[in-house]
Amino acid sequence: MGLATLPEKNLLVSTSFDYSVLVWELDEVREIKQLMGHEAAVNVANFSNSGELLATAGDDAKIFLWNFHKSTSSLPSYDILNKHTAKIVDIDFSKDDQYLASASWDHSIKIWNAKTGKLIRSILGHDGPVNSVKFSDDGQYLYSAGYDGTIRYWRLSDGNEVRTLVDNGWGI
C-alpha cells in the first residue's frame with residue numbers, strides 16, 4: 001500500500017493490506033522487523049525528518065506513532081492516535097517534527113503534537129474524503145486535497161482556510 005525510506009539509517013518501510021508494517025534494510029532489501037498492531041489495511045507510512053518517529057495509518061482509522069529513539073527492545077515503542085472515524089489515507093510531519101497532519105475519509109484533517117500524540121486541532125471544510133495533506137516549508141500552513149476536487153490552503157495557527165483551488169476539469 002505504501003512505502004517510506006530513511007536513507008540515513010538505511011531503512012525502507014512497507015505497509016500492506018495484511019495489516020502489517022515491515023521494516024527492511026535498504027541496501028540488501030531484507031526484512032529486519034515486523035511492526036504489528038493495526039486492525040485493518042495499512043495505507044501509508046512516513047518518517048519524521050529526524051528519523052526518530054515513524055507514523056503509519058490505515059483503514060482502522062488509527063495512527064501508530066512508532067518511536068525508534070525510545071525503544072528499549074528490538075521493536076520500537078508506539079502510541080496510538082485514534083480520533084478519526086474513517087480510514088486515514090495520508091500523513092505528513094512538519095519540517096521541525098513538531099506536528100503530524102492526517103487526512104481521512106471522515107472528511108477531516110487532524111493536527112497532532114508529534115512528540116506527545118495529543119490532538120491539537122481538527123480541520124473541516126472539504127465536502128467529502130480528504131486524500132492528501134502536506135505542510136508548507138515554513139510550517140505555518142497546510143495544503144490538503146480532497147475527493148471534492150479541491151485543494152485547500154489552511155493557516156495552522158487558527159485552522160482557518162486561506163484559499164481554495166477548484167479543479168474545473170481543465171486543470172488548476
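## Nonpolar cores

A nonpolar core is a set of buried Ala, Val, Leu, Ile, Met, Phe, Trp, Tyr and Cys residues joined through side-chain atoms within 4.5 Å. Buried means under 20% relative accessible area, exposed means over 50%, and partly exposed lies in between (1.4 Å probe, protein chains only). This is a predicted model: local features need pLDDT of at least 70 and side-chain atom pairs count only at pLDDT 80 or more, while totals for chains, interfaces and linings use all residues. Residues are numbered from 1 along each chain as its sequence is written, and side-chain values use heavy atoms, with hydrogens and water left out.

The largest nonpolar core has 14 residues. V13, L35, F47, L54 and F68 touch the most other members. Strands β1 (2-6), β2 (11-15), β3 (21-25), β5 (42-47) and β7 each supply at least two residues of this core. Strands here are DSSP runs of E with at least two residues, numbered from the N terminus. The largest share, 3 residues, comes from β5. L54 has contacts (heavy atoms within 4.5 Å) with residues including V13, L35, F47, F64, W66 and F68, not counting residues up to four places away in sequence. A second, separate core of 13 residues includes L53, L65, L81 and A114.

## Aromatic pairs and a charge over a ring

The structure holds 5 aromatic pairs. Rings of Phe, Tyr and Trp (its six-membered ring) pair if their centres lie within 6.5 Å; planes under 30 degrees apart count as stacked, over 60 as edge-to-face and the rest as tilted. F64 and Y78 form a tilted pair, 5.2 Å centre to centre with 35 degrees between the planes. F64 lies in β7 (residues 63-67) and Y78 in β8 (residues 77-81), so the pair ties together parts 14 residues apart in sequence. F64 is buried at 1% relative accessibility, whereas Y78 is partly exposed at 41%. Ring pairs link F64, W66 and Y78 into a cluster.

Y141 and Y153 form a stacked pair, because their ring centres are 4.9 Å apart and their planes stand at 25 degrees. Y141 lies in β14 and Y153 in β15, so this pair ties together parts 12 residues apart in sequence. Y141 is partly exposed at 23% relative accessibility. Y153 is partly exposed, also with 23%.

K87 lies over the face of W105, 4.3 Å from the ring centre. The criterion: NZ of Lys or CZ of Arg within 6 Å of the ring centre and within 35 degrees of the ring normal.

## The sheet β13 to β16

An open sheet of 4 strands has the order β13-β14-β15-β16, with antiparallel pairing. Two strands pair if DSSP finds at least two bridges between them. β13 (130-135) and β16 (161-166) stand at the edges with a single partner strand each, so one side of each lacks a neighbour in the sheet. Neighbouring strands are turned by 20 degrees against each other on average, direction ignored. Axes for such angles are lines fitted to C-alpha atoms, and angles run from 0 to 180 degrees between N-to-C directions.

β14 (residues 141-146) and β15 (residues 150-155) pair over 5 bridges. L142 stands opposite W154, and A145 has I151 as its bridge partner. Their hairpin has 3 residues between the strands, and G149 takes a positive phi near 80 degrees. β15 and β16 are also joined by 5 bridges, with W154 opposite E161. That hairpin has 5 residues between its strands, and G159 in the turn has a positive phi of about 75 degrees.

Side chains alternate along β15.
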